[in-house]
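I'm opening my notebook on a new structure today. I'll jot down what I looked up, one topic at a time.

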Amino acid sequence: MLEDLFKTVTKRFNGDEPDPAVPMFKCPRCGTSTPQQKMAELGKICPNCEYHARLTAAERIAITADTDSFKELDANLCSADPLEFPGYAEKVTELQQKTGLNDAVVTGLCTIKGSRTVLIVMDSRFMMASMGSVVGEKITRAFEYAAENKLPVVAFTASGGARMQEGIISLMQMAKTSAAVQKHNEAGQLYITVLTDPTTGGVTASFASLGDIILAEPKVLIGFAGRRVIEGTIKQHLPDDFQLAEFQLEHGYVDMIVRRKKMRSTLSHLLKLHGYTAEPLKEEC
Amino acid sequence: MERTNTRSAWERQLLIRDKNRPTIRDYLPLVFEDFYELHGDRGVGDDGAILGGIGRLDGVPVTIIAEVKGRNIQENKASNFAMPHPEGYRKALRLVRQAEKFHRPVICFIDTPGAFCGIEAEQRGQGEAIARNLAEFMSLRTPVVSIVLGEGGSGGALALGVCDALAMLENALYSVISPRGAASILWKDASREQEACEVMRITAEDMVDFGIAEAIISESDTGVSNDLDKIAENLKEYLVKTISEKSEKDIDLLLKERYTKFRKIGVYTETHR
């Protein structure tokens, strides 16, 4: 009997012990470690605190757009290193090879439960999805296309801010994208922003904050200034929930927090509420 | 004719941080007449980092918006070292909408290390406030001219920088991140800011090269820095000329050109595979 108890204890102990061969995901919100395999099964959502972890652009498109409906726009834009900034060109090449992306945003046309929409998806693996010329230009073109073709825009944002390596030109992308949003707005079309982890800096201070409706995923980081910058300014530790989606909802900068499982149906309902009805499958002419 | 400015970016950085550098409070009485300061965003309060008001430029009514540097500790306390909170940007937006209503041209003076980074600024939506100004200024149906007086610090500067014409004082700088910030990200060493200053391309000449600024306003014929009267005279001359030029244009054409001015900024390659 004692032997059995000993066995159970040993088993449990060993069960809790992380196996170094199993790659783990450590939740940046609650610190819980979950095997990456398990995280993938859970749709990259922390089982303990519901933090919605980052997705690649391809993953995001796959769970948002109708199957095979996504057609990419402006896929071949590449950064041209305007400042000849030390190490930048190499970094871009390396990331292009690693991610298979040309830069940090993917834009295109798709249908969501039948409603045609322009889709913008940022991918934080590419230099924390900072906004340089390519990101700014692609987003601008996406809004211009939507304005001309009377289409809504759904933008999944994620960004560390302006791309420092492109200097002042990256700052100007904030004005350029905001101008394009304004143009789309004047064309009377719907723009839904979905803030995902992390949306900060110059992207928060431009097109990400300009949606007619602003959604956010649970527990994601949303803010203007970086946490460490603020802590450095005020010389005190900030509460853990500072700048999370829930904080932004409380302060009036987010309309709704929507779980990933509900995102596609929520988007579809919102699109249809604004008159973007599902089109017949066969395109006319 | 224009002199060539031989100062390095770093030397200019030191010059514009100098406490004797003139601020908007110095220029106001020399450039404008009948100035009345107007306060508050009608929501949260009055931000001392951004000054707004109405006055005359060479007889013409204009709306003036400016980031305010202090010349001593009291002034800097009142103006939060020219680092605006969201209510400052919202005050600016309120006043430029008012300008639009009364067909007054808008003149913005940029002089900030950046938008303030703090708890209240985040709670009150610093990002949203800047974004809103970018979008709204873009469609403002009245001419807008912006001038960088000293520091043009990132989004906090750009929030007053969507305009029909941008001019730089010859020693003014405009950058996406402070040289200190750039150095700490680039080399994990903030003390290398001097080096970063030169890499970042932040001078008035750089802005003209990139097509971001249309003009450089000479600060002095003698090369003496911080020459208040001379700078004020040059500022006024530029503003009178530019405001009258922009005011004569058809407003729809002006808006189209404003859109294009920003639309064309970007450096990338596009291959057709």
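This is a predicted model: local features need pLDDT of at least 70, side-chain atom pairs count only at pLDDT 80 or more; totals for chains, interfaces and linings use all residues.

In what sense do β9(A) and β10(A) pair, and over how many bridges? I looked it up: the two strands run parallel, and 2 bridges link them.

**Entry 1**

I checked where A:Pro198 is, and it belongs to strand β8 (residues 191-199) of chain A.

Then I turned to two lysines. A:Lys219 isn't a glycine, yet its phi is positive, about 65°. I located A:Lys219 in the loop between β9 (213-216) and α8 (227-234) of chain A. A:Lys235 also has a positive phi, near 55°, and is not a glycine either. I found A:Lys235 in the loop between α8 and α9 (245-250) of chain A.

Are they buried or exposed? A:Lys219 has 22 C-beta neighbours inside 10 Å, so I put it down as buried. The cut-off for that is 20 or more. A:Lys235 has 6 such neighbours inside 10 Å, so it goes down as exposed.

**Entry 1: the domains of chain A**

I looked up how chain A is divided: domain 1 covers 18-51 and domain 2 covers 54-273. Their centres, taken over C-alpha atoms, are 24 Å apart. Where they touch, 7 residues of domain 1 of chain A meet 4 residues of domain 2 of chain A. On the domain 1 side of that contact I noted 3 nonpolar, 1 polar and 3 charged residues.

**Entry 2: chain B as a whole**

Over to chain B. I noted 12 helices and 9 strands. The C-alpha atoms fill a box of roughly 60 × 50 × 50 Å along the principal axes.

What radius of gyration does chain B have? It is 18 Å. A compact globule of 273 residues would have one near 19 Å, so the value for chain B agrees with that. Buried residues account for 52% of the 273 residues in chain B. I also checked contacts between residues at least 6 apart in sequence: 71% of those in chain B join residues at least 24 apart.

I stopped at one residue, B:Glu195, which is in helix α9 (residues 193-199) of chain B. With 17 other C-beta atoms within 10 Å, B:Glu195 counts as partly exposed. B:Glu195 and B:Ala182 are 13 residues apart in sequence, and their C-alpha atoms are 9.7 Å apart in space.

**Entry 3: where the chains touch**

How many residues does each chain bring to the contact? Chain B brings 44 residues and chain A brings 46 residues. On the chain B side, the elements that supply at least two residues each include α5 (119-123), α6 (126-138) and α12 (251-263). The most comes from α6(B), with 8 residues. By class, I noted 25 nonpolar, 13 polar and 6 charged residues on the side of chain B that touches chain A.

Strand β4 (residues 77-79) of chain A runs antiparallel to β9(B), and 3 bridges join them. For A:Ser79, the bridge partner in β9(B) is B:Tyr268.

**Entry 4: the nonpolar core**

Last stop. The largest nonpolar core has 150 residues, and those with the most contacts inside it are A:Ile120, B:Ile65, B:Leu134 and B:Met168. Helix α6 (residues 167-186) of chain A gives the most to this core, with 9 residues. I took a closer look at B:Ile65: leaving out residues up to four places away in sequence, its contacts include B:Ile50, B:Ala92, B:Leu95 and B:Leu160.

Technical notes. Residues are numbered from 1 along each chain as its sequence is written. Chains are lettered from A and ligands numbered from 1 in the order in which they are written. Helices (H or I, at least four residues) and strands (E, at least two) are DSSP runs, numbered from the N terminus. The radius of gyration is taken over C-alpha atoms; the globule rule is 2.2 Å times the number of residues to the power 0.38. A residue is buried if 20 or more other C-beta atoms lie within 10 Å of its own, exposed if 12 or fewer, and partly exposed in between; C-beta atoms are placed from the backbone. Two residues are in contact if their C-beta atoms, placed from the backbone, lie within 7 Å. Ala, Val, Leu, Ile, Met, Phe, Trp, Tyr, Cys and Pro count as nonpolar, Asp, Glu, Lys and Arg as charged, and the others, Gly among them, as polar. Two strands pair if DSSP finds at least two bridges between them. A nonpolar core is a set of buried Ala, Val, Leu, Ile, Met, Phe, Trp, Tyr and Cys residues joined through C-beta atoms within 7 Å. Domain bounds come from an automatic or database domain assignment.
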